[in-house]
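I opened this entry to record what I looked up, one item at a time. The sequence and structure go here before the notes.

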Amino acid sequence: MKKIAIGCGIFLVLVIGTVTLLFYILTRPKYRDVSKEKPFSEILNQKIITKRPTLILENDLPRYEDYGYHLEDGSGFGMESSLEVIAKIPTGTELQIDKIEIHTNRVSGTSSVYLFGNAYSKEKQESYGFQYTWGNYHTIYEDNPYWTFELAFWQDEPLTEKYYIDVP
């Protein structure tokens, strides 16, 4: 009887462990480095100049600790949000993008492109590691989903091409 109870206990622990592991594997966020693909390869590790004022905002959920702030240029939610403004980055400021990844959310399945870089505030004499989201992934009613990229803070004109970039 004791052997049966021990056997059932071991079986139960294995089942719970397997289910937990499968749940984790199936719901973890997925990401892929796209730094070498167009249009990203043109800005990676290059000095880019801001063409309009940008803000460095507090970011409660950074993707990486080294990039703990959010850069907002008016194309997203941050200019009129209640997020704390850490620094104002004026037009003409040099920034550098260090890495670029596509992240697919584990719950909704939506994909976003994240640019990770650094901005230096002359006013505050401090450097800020930031993340910036860029692009729209068109999947609805599309046989071959594609990306488009709106006007970003370093551009004079938005990109007009469709980019077929695989998501994770």
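I looked up Asn45 and placed it in the loop between E1 and E2. The model is a predicted one. Phi of Asn45 came out near 55°, a positive value in a residue that is not glycine.

The peptide bond joining Lys38 and Pro39 is cis, and I noted omega as about 5°.

Next I went to the loop between E7 and E8, where I found Gln125. Gln125 is not a glycine, yet its phi is positive, about 55°. Exposed means over 50%, so Gln125 counts as exposed at 56% relative accessibility.

Last I turned to the largest nonpolar core, which has 28 residues. I listed the residues with the most contacts inside this core as Ile56, Ile100, Leu115, Tyr132, Trp134 and Trp154. Two or more residues come from each of strand E5 (85–89), strand E6 (94–104), strand E7 (111–121) and strand E8 (126–133). E6 gives the most to the core, with four residues.

Which residues does Leu115 touch, not counting those up to four places away in sequence? I wrote down Ile43, Ile97, Lys99, Ile100, Phe130, Gln131, Tyr132, Trp134 and Trp154.

Key: Residues numbered from 1 in each chain as written. Predicted model: local features only at pLDDT ≥ 70, side-chain atom pairs only at ≥ 80, totals over all residues. Heavy atoms only, no water. Core = buried A, V, L, I, M, F, W, Y, C linked by side-chain atoms within 4.5 Å. Buried < 20%, exposed > 50% of the residue type's maximum accessible area, 1.4 Å probe, protein only. Contact = heavy atoms within 4.5 Å.
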